[in-house]
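Here are some notes for your read-through, in numbered points.

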Amino acid sequence: NDLCNSVVGGNFEEVCPEKVIRFKPPLYKQRYEFVRDLVDRHEPKKIADLGCGDTKLLKLLKIYPCIQLLVGVDINEEKLHSNGHHLSPYLGEFVKPRDLDLTIILYHGSVVERDSRLLGFDLITCIELIEHLDSDDLARFPEVVFGYLSPAMVVISTPNSEFNPLFPTVALRDADHKFEWSRMEFQTWASQVAKCYNYCVEFTGVGTPPAGAEHVGYCTQIGVFTKIGGKAAGSCVSEDHDQHVYKAVYMTSYPSLQQEKVLKFVLVGELLIQVEHLRLRHHRMLRERKRESDPKPRDTDFSLGPDLLLGAVFTEAEKARIENSPEPFCEGDKFCVPLQRLLAYPKLHRLRVDEERMRALIADSVCLSSDSSAVMVDLYNSLDYWPEDS
């Protein structure tokens, strides 16, 4: 459907002397890259892919930190069941969770049915979809997608029939296609839809034609519809507002720092790593002092300087934040790191918790000083290695 490796036809030699059309990357990947570029630019929070099929586009989009809800809709329930597991979180996504929640839902249903759970979306994609609709469904499609759902942006891709003579057959590219439009046919339809439902539309495509055939246009033509006014109609009043006609066949939620259990897990883990780095750094300075046979006792210096154990290169702002925070200190056989100091380090600072919240989250997982202002650990443990003086 996406790519033919050879070309036949009466005018082939005149049009394409290479005798082979190869899209690099493959055409389906170019379509997905087009959507990903839009996501990069516009950072939508809620995206629905109508006619999601094998869910490959959803799998590519789930990595974007801005997205909090991904929905796929398809008429083929079996395909949804067989591909849903590809959207489940990996182990690494529990170890390094997202900043924001992400929910992915797959619905079985027709794209020309109204379902209020798809109201208020920032982007709806219809990649190689409309050509599979019969005339009745195609007539209903604009009213449902643009009129009822009314998202902020809609992307529609469809084959460009003017490109077809470059392929080995003059038939439709797929046996299930009900039609394939020329550029004029698609642009006429799309412009009428945009005008009717208060959108503007821009036309482009992917799949550059071979040299000598530029006049046929892109292999896949694309229309990008943007709602005039910019916002999705998430709270539109309608008698169908609570209508749920789709069947949910798969749902998964990703771990994120918005979930308290996940935040606590990450916070405690990063905190213990940082405390151990600082404790080992303290030991290193003690060893250096011993090698230098420095008889003069002095306070431990926790200034930044070169720090191989921390393994980090700090920006000037990060250095300033750390240097302006309370320094670690020792109390007898205990090593103490102030919470404010810990929150100054980048990996903990990015979690965006204040000292009070941090204290509440870690209180039952680590030992705190008497005034609860610092994490307290043993200064020495059985794994410490002290090389003998040479």
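1. Contact, as used below, means heavy atoms within 4.5 Å. The model is a predicted one. With that cut-off, and leaving out residues up to four places away in sequence, Ile67 touches Val39, Pro44, Lys45, Ile47, Leu61, Arg98, Asp101 and Leu102.

2. Ile67 also belongs to the largest nonpolar core, which has 38 residues. Together with Val39, Leu61, Leu106 and Phe163, Ile67 touches the most other members of that core. Two or more residues each come from helices H2 (27-42) and H3 (56-61), and from strands E3 (102-108), E4 (123-127), E5 (153-159), E7 (220-227) and E8 (247-254). The most come from H2, which supplies six residues.

3. Which residues of helix H12 (residues 355-362) are buried? They include Met358, Leu361 and Ile362. Viewed down the axis of H12, the buried residues fall within an arc of 85°, so they line one face of the helix. Glu356 and Ala360, on the other side of H12, are exposed.

4. What do the buried residues of H12 pack against? Their partners are helix H8 (260-291), helix H10 (339-344) and strand E11 (374-378).

5. Two packed helices are described by the angle between their axes and the distance between the axes. Here the axes of H8 and H12 come within 10 Å and cross at roughly 95°. On the H8 side the residues are Glu260, Leu263, Lys264, Leu267, Val268 and Leu271, and they meet Arg357, Met358, Leu361 and Ile362 of H12. By class, this contact has seven nonpolar residues, three charged residues and no polar ones.

6. Ala344 is in H10. Its relative accessibility is 3%, so Ala344 counts as buried, the cut-off being under 20%. Not counting residues up to four places away in sequence, Ala344 touches Arg321, Ile322, Ser325 and His349. The C-alpha atoms of Ala344 and Glu323 are 8.7 Å apart, with the two residues 21 places apart in sequence.

7. Some backbone details deserve a look. Lys24 and Pro25 are joined by a cis peptide bond, with omega about -5°. Pro25 is in the loop between helix H1 (12-15) and H2.

8. Thr55 is not a glycine, but its phi is positive, near 65°. Thr55 sits in the loop between strand E1 (46-50) and H3. Is Thr55 buried or exposed? Thr55 counts as buried, because its relative accessibility is 1%.

9. Ser372 is another residue that is not a glycine and has a positive phi, in this case about 60°. The loop that holds Ser372 runs between H12 and E11. At 25% relative accessibility, Ser372 counts as partly exposed, since that class lies between the 20% and 50% cut-offs.

Key:
Residues are numbered from 1 along each chain as its sequence is written. This is a predicted model: local features need pLDDT of at least 70, side-chain atom pairs count only at pLDDT 80 or more; totals for chains, interfaces and linings use all residues. Side-chain values use heavy atoms; hydrogens and water are left out. A nonpolar core is a set of buried Ala, Val, Leu, Ile, Met, Phe, Trp, Tyr and Cys residues joined through side-chain atoms within 4.5 Å. Buried means under 20% relative accessible area, exposed over 50%, partly exposed in between (1.4 Å probe, protein chains only). Helices (H or I, at least four residues) and strands (E, at least two) are DSSP runs, numbered from the N terminus. The arc is that of the directions from the helix axis to the C-beta atoms. Axes are lines fitted to C-alpha atoms, for helices over the stretch in contact, and angles run from 0 to 180 degrees between N-to-C directions. Ala, Val, Leu, Ile, Met, Phe, Trp, Tyr, Cys and Pro count as nonpolar, Asp, Glu, Lys and Arg as charged, and the others, Gly among them, as polar.
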